[in-house]
Amino acid sequence: MTDNNDVTGLQRRLAEFAAARDWQPYHTPKNLAAALSVEAAELLEIFQWLTPEQAERVMDDPDAAHRVADEVADVLAYLLQFCQVLGVDPLAALAAKIDRNEVRFPVRRRGGGGESGAVDVDSEKDRHSSE
């Protein structure tokens, strides 16, 4: 049995699942990226008309919690398959992105723009982006 925290093992299980059903011809980078987008939209759909307060409590409802968990699983499954097809190590990619973002978005004090109090307009407009 695969350890649920083992990315490579989960990718192998997903590949075996697809191979047993002859789905590999459809698992192209474009198709997997599209499927990932659709599944992410299905996750968003759960929260679409909720207030921020309702969204924070979504996991309190067993039916909603089950839907959220299923959509998270779908998003992760397609992301892992996408990474496998293209040879991307998702954990290494995430670690590298965090490293770049730590440089790009230095820690700033709330209400000010750092030591001098000046706010960098370019970084301020992007501060919630992971790009």
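Residues are numbered from 1 along each chain as its sequence is written, and side-chain values use heavy atoms, with hydrogens and water left out. Because the model is predicted, local features need pLDDT of at least 70 and side-chain atom pairs count only at pLDDT 80 or more, whereas totals for chains, interfaces and linings use all residues.

The protein chain holds six helices and zero strands, and reads α-α-α-α-α-α along the sequence. Helices (H or I, at least four residues) and strands (E, at least two) are DSSP runs, numbered from the N terminus. Of the 131 residues in the chain, 20% are buried; buried means under 20% relative accessible area, exposed over 50%, and partly exposed in between (1.4 Å probe, protein chains only). The accessible surface comes to about 10000 Å², with 56% of it belonging to carbon and sulfur atoms; areas come from the Shrake-Rupley method with a 1.4 Å probe, and for residues only the protein chains shown count as cover. Among contacts with a separation of 6 or more, 56% join residues 24 or more positions apart, a contact being heavy atoms within 4.5 Å.

At the N-terminal end, D6 caps α1, with a side-chain oxygen 3.2 Å from the backbone nitrogen of T8.

Within α1, G9, Q11, L14 and A18 are buried, and the buried residues of this helix pack against α4 (62-86). An α-helix has 3.6 residues a turn, so residues three or four places apart point the same way. Q11 itself has a relative accessible area of 9%. Beyond its neighbours within four places in sequence, Q11 is in contact with L80, C83 and Q84. A polar atom of the Q11 side chain also lies 2.9 Å from the backbone oxygen of L80.

After α1 comes D22, which has a positive phi near 55°. W23 sits in the loop between α1 (7-20) and α2 (29-47) and is partly exposed, at 38% relative accessible area. Together with F17 and Y26, W23 forms a nonpolar surface patch of about 350 Å² accessible area. Patches take residues with over 30% relative accessible area and no salt bridge, joining like charges within 9 Å and nonpolar side chains (Val, Leu, Ile, Met, Phe, Trp, Tyr) within 5 Å.

Conventions
Salt bridge = Lys/Arg side-chain N within 4 Å of Asp/Glu carboxyl O. Polar contact = N/O pair within 3.5 Å; in protein donor to acceptor, adjacent residues only side chain to side chain.
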